[in-house]
Amino acid sequence: MPRPSSSVAILLAVAGALATDAAFPGRSWWPLAPVGIALLLLALRGATLGRALLVGWLWGAVFFLIHLWWAEEAAGAVPWLLLGAAEACFVAVFAGAWSLAARWGPVVRHPALGVAVVASLWVATETARGLVPFGGMPWSKLAFSQTDGPLLRFASLGGETLVGWVVVAAGALVALALGHLRRARVGQASGALLVAGALVASGLVVPVDTRAEAGTLRVGAVQGNVPGPGLDAFAVRRDVLERHVTGTEALLEEVGSGELDIVLWPENSTDIDPRRDGEAGRLIDRAAAAVDAPILVGGQRYGEDYRYNEAILWVAGEGQVDVYAKQHPAPFAEYIPLRDLARKVTDVVDLVSIDMLPGDEVGIIELDSPRLGRVVDLAVGICFEVAYGGLMREAVLAGGELIVVPTNNASFGFTQESAQQLAMSVFRAVEHGRATVQISTVGVSGIIAPNGVVMDSTGLFTADQLVADLPLRTSLTVADRLGDWPTVVVSAFALVSLLAGALATARSRRRQA
């Protein structure tokens, strides 16, 4: 298939980015993710390194600026534009790497090898995007677009790496099919499409166990809501706390006092430290006593010039009995790197007047359950931490039997941010074989079974409560056991392919000189 003209390449890149975004919540048209990748690969056909970088960046800019629109809602146009432009650079790197690797002789002769190479290059660049800069931004990984499709089950075998790899491989096969169709090779096109379809459908045969292995936990979750959307939603801090107290007491309309094992509150459900403020402590005590159950409270602990974002296990009459501090504060949201430079871009950074420090302990909360007669370990990831696969895996390996994701989505208004986050919680449920609860201040909150089925959920900016009996599980999935090895192997293969392609390009240029 010949190289497309510049205008056609631009149209293909834009269409591919739009299709890929539509695969994510809230449309969740998951089959469009491979289609979006196929259109990008067609736009890159025969591209020089420079052209590939530009086309890849364009695809990335369109995709990320649409997908991360919630950043504009929270921080304004300039930070949103900068974020989208920066994330697009990783797609540009992928495109440039593929333009070199595609010139490696074996890739030219064997299309199947090319499929493996392009999928590996994508995963390698996505991995890099989740690591740098400032700890990375794994949001928007292709794997998270597949939570309504059969590929989700692959999460239990190889996590984001395997699911993302299969999505891109399917997209590469679709691109091959379209290339064959253009040359009227109907048989070869049909073969490529059949392989792509079989690859996707094979996810249906992956077993996903949902049985309780260590009893069940009866959980209540409270979405208290806030006075209104936006950055100032927590200006009336005591009002937010009182809303969650009221929501906890409202649980008694569904269950009797003492029937719940734990009540889950979201991140920032109290921005008044109940360990220092007596009235705040009494309010939480009142709620915990009313339901006769511990409450996992989202709060903050302040020092002289620092703060921690914490999940505090609170028992009536005792106060804090366990605590987890967020390990991965969000850059430019919870702490400001390069503050003086960032202030020149937007004064919104000054709303973060005290930088958040990272916690240094694995995300485990130990819940003493009298009903079960033992301690139940809860794997906790606060807000954006659910996007960081390594953090959640560490908590599960440390004994987490159920995953809890307390989050605060109030700053993002009625955008798709919270739905995108719920998709990540769905992914983690299957990846680790654990029931999962995402509880938000304003929604979307959800109760998720270990097979990724959303059993119950809430709307945005409403006060609501959820109650569920959830299976406690202790076995480890294949993905848990393999850990980073799939990513290491795929990234190493991508690097070898890139170097081989670069050497082939250099030799070709020397011959032409």
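A residue counts as buried under 20% relative accessible area, as exposed over 50%, and as partly exposed in between (1.4 Å probe, protein chains only). The structure shown is a predicted model, in which local features need pLDDT of at least 70 and side-chain atom pairs count only at pLDDT 80 or more, while totals for chains, interfaces and linings use all residues. Residues are numbered from 1 along each chain as its sequence is written, and side-chain values use heavy atoms, with hydrogens and water left out.

The protein contains 16 helices and twelve strands; helices (H or I, at least four residues) and strands (E, at least two) are DSSP runs, numbered from the N terminus. Its radius of gyration, taken over C-alpha atoms, is 24 Å. The globule rule (2.2 Å times the number of residues to the power 0.38) gives a value close to this, 24 Å for 513 residues, so the protein is as compact as a globular protein of that length. Along the principal axes, the C-alpha atoms fill a box of roughly 80 × 55 × 35 Å. Of the 513 residues, 57% count as buried.

Salt bridges give a way into the details. Side chains of opposite charge can pair when their charged atoms come close. A salt bridge here is a side-chain nitrogen of Lys or Arg within 4 Å of a carboxyl oxygen of Asp or Glu, and the count by this rule is 23.

One of them joins the side chains of Arg-218 and Asp-469, at 3.5 Å from N to O. Arg-218 belongs to strand 1 (residues 216-223) and Asp-469 to strand 12 (residues 464-471), so this pair ties together parts that are 251 residues apart in sequence. Arg-218 is partly exposed at 24% relative accessible area, and Asp-469 is also partly exposed, at 45%.

Asp-340 is exposed, with a relative accessible area of 59%, whereas Arg-343 is partly exposed at 36%.

In a further salt bridge, the closest N and O atoms of Arg-374 and Glu-401 are 2.8 Å apart. This pair links distant parts of the chain, 27 residues apart: Arg-374 is in strand 7 (residues 374-380), and Glu-401 is in the loop between helix 13 (389-397) and strand 8 (402-407). Arg-374 is partly exposed at 27%, but Glu-401 is buried at 5%. Elsewhere, salt bridges that share partners join Lys-141, Glu-160, Arg-428 and Glu-431 into one network.
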